[in-house]
Amino acid sequence: LLFDYNIEYEDLGIKITIPAGWTKPEWEYKSEKGAKRPDYRFSSFTKNKRLWMYVYGRRVRAEYSIEDFMPGFIKYSSEYLDEMVMTEPMTIMIDGKTILKATGRRKEFPGMIYLYYQALHCGSMIHYTYCFNDNLSLEDESAKAEEIFRCIDFTDIEIVNVLRNHKDKAH
C-alpha cells in the first residue's frame, strides 16, 4: 500500500498509475498479449472506496469522438446506476480530454455512491468507476476520483485493427 502500481498497455497507448494507498490491482480479465481486441479489467480498493478500470482495446474507428457515445452512455449508466441517477450524464474535461460522467447509486450496495466515467483514446474505450461510502463528501470524492483519472497517461498511437462500426458498439 505504500507505493504506486503501474499498468501499461503499450500497444494501446495507455498507462494507468494506481496511487499509493490503494491495493495492488486485482485482475478480473486480461487478454493474451497480441490479441486483436484486447480487454483488460481490474479493480483496486482502499478503506471505504473501490475503483474499477476496464479498457476495451481497438473498438472504435478514428472518425468518432466520445460525444458520439453519449446516447449509449445515458442508457447504460441508468441501467448500471439502478437505484438512482444522482446527476444526469454529462461531459466534463479532465486535463484537456473530454470524458463522460454519471453519478448515482446501485441496489446491490445501497450505502455507496458511484462515479462512472467513460473516455475514448485512439480507438480504445476506457470505463472507470469509483465508489465510496455515502457518508463521505460527493464533492471531495469527485475531486479524488478525477485526480486518479489524471494518473492515466495517454500516448497518441495509430488506430489499427478496429473491428466494429459505430452502430455496432456495445459499450
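## Close-up views of a predicted model

View 1. Tyr116 has 3% relative accessibility, so it counts as buried. The limit for that word is under 20%. The model shown here and in every other view is predicted. Tyr116 is part of an aromatic pair with Tyr76. The ring centres of Tyr76 and Tyr116 are 5.6 Å apart. Their planes meet at 50°, so this pair is tilted. The two residues come from distant parts of the chain, 40 residues apart. Tyr76 belongs to helix 1 (residues 70-80), Tyr116 to strand 8. Is Tyr76 buried or partly exposed? Its relative accessibility is 39%, so Tyr76 counts as partly exposed.

**View 2. An aromatic cluster that includes Tyr76 and Tyr116.** Which residues form one aromatic cluster? They are Trp52, Phe73, Tyr76, Tyr80, Tyr114 and Tyr116. The structure as a whole holds 14 aromatic pairs.

**View 3. Tyr117 and Tyr128, a stacked pair.** A pair of aromatic rings is described by the distance of the centres and the angle of the planes. For Tyr117 and Tyr128, the centres are 5.3 Å apart and the planes lie at 20°, so the pair is stacked. The cut-off for stacked is under 30 degrees. Tyr117 sits in strand 8 and Tyr128 in strand 9, so the pair ties together parts 11 residues apart in sequence. Tyr117 counts as buried, because its relative accessibility is 0%. Tyr128 has 0% relative accessibility, so it counts as buried too.

**View 4. Strand 8 and its two partners.** Strand 8 covers residues 109-121. How many of its 13 residues are buried? The count is 10, so the strand is mostly covered. Strand 7 (residues 97-106) pairs with strand 8 in the antiparallel sense, over 6 bridges. These two strands form a hairpin with 2 residues between them. Arg106 stands opposite Phe109 of strand 8. Strand 9 (residues 124-133) also pairs with strand 8 in the antiparallel sense, here over 10 bridges. Which residue in strand 9 is the bridge partner of Leu115? It is Tyr130. Strand 8 and strand 9 form a hairpin as well, with 2 residues between the strands. In that hairpin, Cys122 takes a positive phi near 45°.

**View 5. The largest nonpolar core.** This core has 28 residues. Which of them touch the most other members? They are Tyr9, Ile16 and Tyr128. Several elements each supply at least two residues of the core. Among them are strand 1 (5-9), strand 2 (14-18), strand 4 (39-46) and strand 5 (49-56). Ile16 touches Tyr5, Asn6, Ile7 and Tyr9, among others. Its contacts also include Phe42, Met53, Val55, Cys151 and Ile152. Residues up to four places away in sequence are not counted. Another core lies apart from the largest one. This other core has 17 residues, including Trp52, Ile66, Leu120 and Cys131.

**View 6. Two loop residues with positive phi.** Arg58 is found in the loop between strand 5 and helix 1. Its phi is near 50°, a positive value in a residue other than glycine. Arg58 has a relative accessible area of 10%, so it is buried. Asp95 is found in the loop between strand 6 and strand 7. Asp95 is not a glycine either, yet it has a positive phi of about 50°. Is Asp95 buried or exposed? At 60% relative accessibility, Asp95 counts as exposed.

**View 7. The whole protein chain, for orientation.** The chain has 2 helices and 10 strands. Along the sequence they follow the pattern β-β-β-β-β-α-β-β-β-β-α-β. The C-alpha trace spans about 45 × 40 × 30 Å along its principal axes. With 171 residues, a compact globule would have a radius of gyration near 16 Å, and the chain agrees, at 16 Å. Of the 171 residues, 46% count as buried. The chain exposes about 9,000 Å², and carbon and sulfur atoms supply 49% of this. Among contacts with a separation of 6 or more, 51% come from residues 24 or more positions apart.

Definitions and conventions: Residues numbered from 1 in each chain as written. Predicted model: local features only at pLDDT ≥ 70, side-chain atom pairs only at ≥ 80, totals over all residues. Heavy atoms only, no water. Buried < 20%, exposed > 50% of the residue type's maximum accessible area, 1.4 Å probe, protein only. Helix = DSSP H or I, 4+ residues; strand = E, 2+ residues; numbered from the N terminus. Pairing = 2+ DSSP bridges. Core = buried A, V, L, I, M, F, W, Y, C linked by side-chain atoms within 4.5 Å. Contact = heavy atoms within 4.5 Å. Rg over C-alpha atoms; globule rule 2.2 N^0.38 Å. Areas by Shrake-Rupley, 256 points an atom, 1.4 Å probe, with all protein chains shown as cover. Phe/Tyr/Trp six-rings, centres within 6.5 Å; stacked < 30°, edge-to-face > 60°.
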